[in-house]
Every structure is written in C-alpha cells, then in structure tokens.
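Please look through the sequence and the structure shown here before reading on. The questions that follow move from the model as a whole to single residues, and each answer ends on what was asked for.

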Amino acid sequence: MKTQITELFGIEHPIIQGGMHMVGYAEMAAAVSNAGGLGIITGLTQGTPEKLAREIARCREMTDKPFGVNLTFLPAVTPPDYPGLVEVIVKSGVKAVETAGNNPQKWLPALKEAGIKVIHKCTSVRHSLKAESIGCDAVSVDGFECGGHPGEDDVGNWVLLPRAAEELKIPFVASGGCATGSQLVAALALGAEGMNMGTRFMATVEAPVHENVKQAILAANELDTRLIMRPLRNTERVLTNAGVERLLEKERTLGDKITFADIAPEVAGVYPAIMKDGKMDAGGWSCGMVVGLIHDVPTVAELIERIMSEADAIIRSRLDRFASSGSPATASVSRA
Ligand SMILES: Cc1cc2nc3c(=O)[nH]c(=O)nc-3n(C[C@H](O)[C@H](O)[C@H](O)COP(=O)(O)O)c2cc1C
C-alpha cells in the first residue's frame with residue numbers, strides 16, 4: 001500500500017511503532033522495520049547520548065530497513081542531554097525522528113539539515129497546525145483513546161482525525177486505539193495516511209518486556225484503563241492495578257492540593273519494576289483502551305501482515321459493495 005507516509009519514510013506499510021519508554025529498544029524497532037513498518041527507538045529510555053548511539057548501532061545490525069528515534073520533551077528537574085541526543089541522531093544517519101511532549105522547533109534546523117524527516121506526535125488540531133507551521137514533515141494525531149499522554153482536550157479520533165484532515169496540509173497518521181486492518185481503512189477514510197501503534201506492539205513476541213506485561217494486556221478489556229495525574233495537568237492513560245488505584249484514591253482525597261511528591265511512589269521510576277521484573281502492581285504504566293482489541297501475542301511480522309491483509313480485503317470486497325454503481329434506485333435494487 002502506497003501512501004504519503006510510506007513514501008516519506010521509505011517503508012512498505014503505512015504503520016509506525018510509536019516511541020515507548022522501556023519498550024522501544026533495538027529489538028522492537030528492528031522487528032517493526034523488518035516487517036515493513038517504521039520501528040522507533042525511544043531516545044530517553046537509553047539514558048545518555050553514548051547509549052543511544054550504541055542502541056542505534058545495535059538496531060542497524062538487526063535491520064537494513066529504515067527506522068527512527070523518538071525524542072520526548074518533558075518537563076524535568078534535571079533535563080536530559082537533548083543537544084547530545086540530537087547530535088548522536090544526526091551523526092548516526094538515522095532518517096526519521098518522532099518528536100513528542102513539547103514543541104520541537106529548537107531542534108528542527110539540525111534535524112532537517114541532516115535530511116531527517118520529522119513526525120511530531122500531538123493530541124490536538126492546534127498543536128498539529130503548529131507542527132506544520134514550524135516545518136515538521138508529518139504529524140501523528142493522538143486521540144483520547146491513546147496509551148500514554150492524551151493531553152487535556154479529550155477529543156477521540158472519530159472527531160479528531162477528520163478535524164485534522166480539514167486543517168492540515170502535511171500528511172498525518174492516526175494514533176491511539178489502533179490495532180486492526182479495519183481501523184487502518186477507517187483512518188485512511190478519515191484522511192490519515194497510515195497509523196501509529198503503541199500498546200498493540202507491546203503484545204508481540206519480539207516486544208522486549210516481561211511476559212507478565214503481555215499477559216496483563218491479554219487479560220484486560222477496554223474498560224480497564226484509567227486517567228492519572230489529571231489534577232497536575234499531565235494526564236496519562238494507564239492500565240489499572242493496585243498501585244494505580246492507590247494513586248487515584250490520593251487524587252480524590254487531596255483534590256487540588258495534590259503535588260507530584262504525593263504520587264511519586266506510584267509513578268516515579270516504576271517502569272523498570274514493571275517492564276523488566278513484571279511487578280504489575282508497582283504503579284502506572286502507559287496503556288491504551290485498545291487493550292480491548294488485543295487477544296493474542298503474534299510476531300510483529302504476523303501482526304503487520306494480518307493488519308495489511310485485513311485492510312486489503314475490506315477495501316476490495318466489503319467497501320466495494322457500498323460503492324455506487326448507478327442511480328440510487330439501482331443501488332436499492334442490488335441491496336434487495
Ligand atoms: C508503555 C508505553 C510507553 C510509552 N512511552 C512513550 C514515550 O516515551 N514517548 C512518547 O512520545 N510516547 C510514548 N508512548 C505513546 C506511544 O508512542 C503511542 O503514541 C501510543 O501508545 C498510541 O496509543 P495506543 O497505545 O492506543 O496505540 C508510550 C506508550 C506506551 C503504551
């Protein structure tokens with residue numbers, strides 16, 4: 001399937017694996033890229049520019065297909081070494097960067113000069129337009145359903161994607177809640193040029209996370225995610241567990257007086273315990289409503305092949321039935 005996104009990134013299928021903290025290692029990114037999508041290494045997960053350089057080199061050993069790096073800009077007491085990370089990306093020859101979290105304008109000149117295509121992930125039409133105006137090549141439009149940070153506007157993809165299509169000139173992909181070929185077709189119909197997936201890729205053979213994480217995803221349904229940190233205006237969609245319910249109880253009790261320090265035990269530094277040690281009650285970890293659509297742990301290649309063949313079948317047979325082949329009268333006769 002050729003779309004503006006496959007052309008932009010030189011990939012076979014219009015499917016991107018969004019950056020995921022402590023999931024987006026070389027194994028994950030290479031598996032997605034080898035299957036014809038765009039795999040993404042999560043920059044901040046690596047810790048230092050040197051470690052990111054090593055991870056990029058490791059990924060190169062595992063695939064000769066294009067892959068990218070995610071740069072998430074977050075408020076932090078001690079900011080990561082962004083200049084060092086950008087320098088490593090530029091020198092590495094990587095040709096795709098996914099930015100997220102904040103306006104990437106400061107870093108665009110260096111990235112663009114190196115011929116890197118930048119896709120900015122954001123959760124609103126106004127931020128998408130901003131990304132377009134500063135020179136991003138594409139946008140990942142992340143709806144309210146998404147795992148991770150859906151922003152504070154709470155607009156689902158059913159409205160957000162056609163709104164983005166009304167306004168944007170640069171290509172965009174649907175992000176948040178995506179897992180199936182039917183959703184890819186729907187996203188294309190709503191104006192997107194592909195889709196970005198996070199949670200779905202965690203439940204694959206190659207995802208480098210503890211087996212308990214994959215089993216938790218299989219056991220969950222679409223009602224099992226929670227929004228945390230809303231009072232701090234840093235909303236995150238996570239899978240519920242004992243730690244998350246404890247955190248939500250604090251939010252209810254402390255109300256407006258809550259500070260980050262109050263909930264730090266349930267969110268700060270909990271990812272290693274969850275992703276590496278499989279301690280599923282340790283606290284909040286990003287997870288989307290799409291868990292309701294995840295029922296197996298295929299290889300990444302099986303997953304992407306399934307999505308693409310389902311999309312193809314829907315376009316060729318199901319949608320074809322609805323294409324008008326004449327006057328409305330003819331259409332109603334053929335339905336009868
Ligand atoms: C475990 C996990 C960690 C994530 N970490 C990041 C991150 O560090 N940076 C980022 O930009 N997005 C992050 N995301 C968001 C994903 O890149 C993607 O936008 C999101 O998962 C899409 O929604 P979905 O999970 O419904 O597919 C994360 C998502 C998950 C599930």
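## Questions and answers

Q: How do the residues of the shell around the ligand divide into nonpolar, polar and charged, and which come nearest?
A: The shell divides into ten nonpolar, 16 polar and four charged residues. Of the 30 residues around the ligand, the ones that come nearest are Gly18, Ala100, Gly147, Gly198 and Gly288.

Q: Which domains does the assignment give, and what distance separates their centres?
A: The domain assignment of the protein gives domain 1 (4–208) and domain 2 (211–290), and the shell around the ligand draws at least three residues from each of them. Taken over C-alpha atoms, the centres of domain 1 and domain 2 are separated by 23 Å.

Q: How many residues does the contact take from domain 1 and from domain 2?
A: By class, the side of domain 1 that touches domain 2 has nine nonpolar, nine polar and three charged residues. In total, the contact takes 21 residues from domain 1, while from domain 2 it takes 16 residues.

Q: Is Met22 buried, partly exposed or exposed?
A: Met22 lies in the loop between strand 1 (15–17) and helix 2 (26–34), and its phi is near 65 degrees, a positive value in a residue other than glycine. A residue needs 20 or more other C-beta atoms within 10 Å to be buried and 12 or fewer to be exposed. Because Met22 has 17 other C-beta atoms within 10 Å, it counts as partly exposed.

Q: Is Arg233 buried or exposed?
A: Arg233 is found in the loop between strand 9 (225–228) and strand 10 (236–239), and its phi, near 55 degrees, is a positive value in a residue other than glycine. Because Arg233 has 8 C-beta neighbours inside 10 Å, it counts as exposed.

Q: Which residue of strand 5 is the bridge partner of Thr99?
A: Strand 5 (residues 117–122) is mostly covered, with six of its six residues buried; Lys117, Ile119 and Lys121 point one way from it, and Val118, His120 and Cys122 the other way. Strand 4 (residues 96–100) pairs with strand 5 in the parallel sense over five bridges. In strand 5, the bridge partner of Thr99 is His120.

Q: Over which residues does pLDDT stay under 50?
A: The protein averages a pLDDT of 95, and 96% of the residues score at least 70. Where pLDDT is low, the predicted coordinates should not be read in detail. The stretch where pLDDT stays under 50, for which the model has three contacts beyond four places in sequence, is residues 329–336.

Conventions
Residues are numbered from 1 along each chain as its sequence is written. This is a predicted model: local features need pLDDT of at least 70, side-chain atom pairs count only at pLDDT 80 or more; totals for chains, interfaces and linings use all residues. pLDDT is the predictor's confidence in each residue, from 0 to 100. Two residues are in contact if their C-beta atoms, placed from the backbone, lie within 7 Å. A residue is near a molecule or strand if its C-beta atom, placed from the backbone, lies within 6 Å of it. Ala, Val, Leu, Ile, Met, Phe, Trp, Tyr, Cys and Pro count as nonpolar, Asp, Glu, Lys and Arg as charged, and the others, Gly among them, as polar. Domain bounds come from an automatic or database domain assignment. Helices (H or I, at least four residues) and strands (E, at least two) are DSSP runs, numbered from the N terminus. Two strands pair if DSSP finds at least two bridges between them.
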